[in-house]
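Visitor: I have a chain open here and would like to walk through it. Can you take my questions as they come?

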Amino acid sequence: MHMSEKSSTFAAVMKKLIFFALAAIGFAACSNSNDKMVNEQMVNGFMNLARERYAVREYADTPVEAFKLDSILEAGRLAPTAKNVQPQHIYVLQSPEAIAKINALTPCAYGAPVVFLVCYDADQVWTKEDGTNSGDMDCSIVGTHMMMEATELGLGTCWVKYFDPAEVAEAFELPTNHKPSFLMPCGYAAENAKPSDKHFSRKPLTETVTYK
Ligand SMILES: Cc1cc2nc3c(=O)[nH]c(=O)nc-3n(C[C@H](O)[C@H](O)[C@H](O)COP(=O)(O)O)c2cc1C
């Protein structure tokens, strides 16, 4: 092979190497910025949802679609619970009789077409040596998942503690091991529903967080 042939082969190989190196750098930069974009979208996605949610206290008559109820219940199913025992039991109150009954037991169902009655099973719940159990905590995480999924689906909710658990248990003939934790009305917000003043009042992190 002549010198000139050798040098042109060398140049061709170098060109290819440079081309592949540049392509690899470009791909890496691109996938890195895609990862960043996905992460930012995920963070903003949740934060937007958290900002959007408010306690809805006035509902439209529009029924909630079954597929949305399924999705809300599925979001609750995915929640973590102590020792993963999943002690929650959710009653979906939606028949006219059930809605009338719950309205008679609390002023806080707010005319919603669906009210979730979230209970925990006292026979299954993780119980500590000191006798305390994680039932309300487990239910709260399940409920928070449900609440945020409802928000994502364009529905309103309100967390409700203002009822007598014993009265509710009796009215709905719950098994004695099903302990009501909270209620969650759910439905489309009425046209003139709006957040209460409380919604806009949050303490600064300096009041609620301590780094040690
Ligand atoms: C544990 C808990 C219990 C609540 N109980 C009730 C209730 O019984 N009735 C009601 O109207 N709202 C109830 N709320 C809703 C709060 O008042 C409301 O979330 C809070 O004022 C902040 O407003 P926002 O949800 O619109 O941001 C409850 C909320 C929580 C977390």
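Visitor: How many helices and strands does the chain have?
Guide: This is a predicted model. The chain has six helices and four strands.

Visitor: In what order do the elements run?
Guide: Starting at the N terminus, the order is α-α-β-α-β-α-β-α-β-α.

Visitor: What share of the residues count as buried?
Guide: 23% of the 212 residues in the chain count as buried.

Visitor: And what part of the contacts comes from residues 24 or more positions apart?
Guide: Taking contacts with a separation of 6 or more, 81% are between residues 24 or more positions apart.

Visitor: On to H4. What should helix H4 span, at 1.5 Å a residue?
Guide: H4 covers residues 135–152, 18 residues in total, and should span 26 Å.

Visitor: Which residues in H4 are buried?
Guide: Gly 135, Asp 138, Cys 139, Val 142, Gly 143, Met 146, Met 147, Glu 149, Ala 150 and Thr 151.

Visitor: What follows H4?
Guide: Gly 154, with a positive phi near 85°.

Visitor: How do H2 and H4 pack?
Guide: Their axes are 7 Å apart, at an angle of about 145°. The crossing of H2 and H4 is right-handed.

Visitor: Which residues meet there?
Guide: H2 brings Ser 71, Ile 72, Ala 75 and Gly 76, and H4 brings Val 142, His 145, Met 146, Glu 149 and Ala 150. By class, the residues of this contact of H2 with H4 are five nonpolar, three polar and one charged.

Visitor: Now the loops. Where does Lys 83 lie?
Guide: In the loop between helix H2 (66–77) and strand E1 (88–93). Lys 83 is not a glycine, yet has a positive phi of about 55°.

Visitor: Is Lys 83 buried or exposed?
Guide: Lys 83 is exposed, because 12 other C-beta atoms lie within 10 Å and a residue with 12 or fewer counts as exposed.

Visitor: What about Thr 81, buried or exposed?
Guide: Thr 81 also lies in the loop between H2 and E1. Thr 81 has 20 other C-beta atoms within 10 Å and is therefore buried, the cut-off being 20 or more.

Visitor: What is Thr 81 in contact with, leaving aside neighbours within four places in sequence?
Guide: Gln 86, Pro 87, Asp 138 and Ile 141. Thr 81 and Ser 140 are 59 residues apart in sequence, with their C-alpha atoms 9.7 Å apart in space.

Visitor: And Tyr 110, what is its phi?
Guide: Near 55°, a positive value in a residue other than glycine. Tyr 110 is in the loop between helix H3 (96–105) and strand E2 (114–121). With 20 C-beta neighbours inside 10 Å, Tyr 110 counts as buried.

Visitor: Where is Ile 90?
Guide: Ile 90 is in strand E1. It has 19 C-beta neighbours inside 10 Å and so counts as partly exposed. Beyond neighbours within four places in sequence, Ile 90 is in contact with Leu 73, Gly 76, Phe 116 and Val 118. The C-alpha atoms of Ile 90 and Val 115 are separated by 10.0 Å, and these residues are 25 apart along the chain.

Visitor: Last topic, the ligand. How many residues surround the ligand, and which are the closest?
Guide: 13 residues surround the ligand, and the closest are Tyr 54, Ala 55, Trp 159, Tyr 162 and His 199.

Visitor: How does that shell divide by class?
Guide: Eight residues around the ligand are nonpolar, two are polar and three are charged.

How values were computed
Residues are numbered from 1 along each chain as its sequence is written. This is a predicted model: local features need pLDDT of at least 70, side-chain atom pairs count only at pLDDT 80 or more; totals for chains, interfaces and linings use all residues. A residue is near a molecule or strand if its C-beta atom, placed from the backbone, lies within 6 Å of it. Ala, Val, Leu, Ile, Met, Phe, Trp, Tyr, Cys and Pro count as nonpolar, Asp, Glu, Lys and Arg as charged, and the others, Gly among them, as polar. Helices (H or I, at least four residues) and strands (E, at least two) are DSSP runs, numbered from the N terminus. The expected span of a helix is 1.5 Å times one less than its number of residues. Axes are lines fitted to C-alpha atoms, for helices over the stretch in contact, and angles run from 0 to 180 degrees between N-to-C directions. A crossing is left-handed if the near helix is turned anticlockwise from the far one by less than a right angle, and right-handed if clockwise. Two residues are in contact if their C-beta atoms, placed from the backbone, lie within 7 Å.
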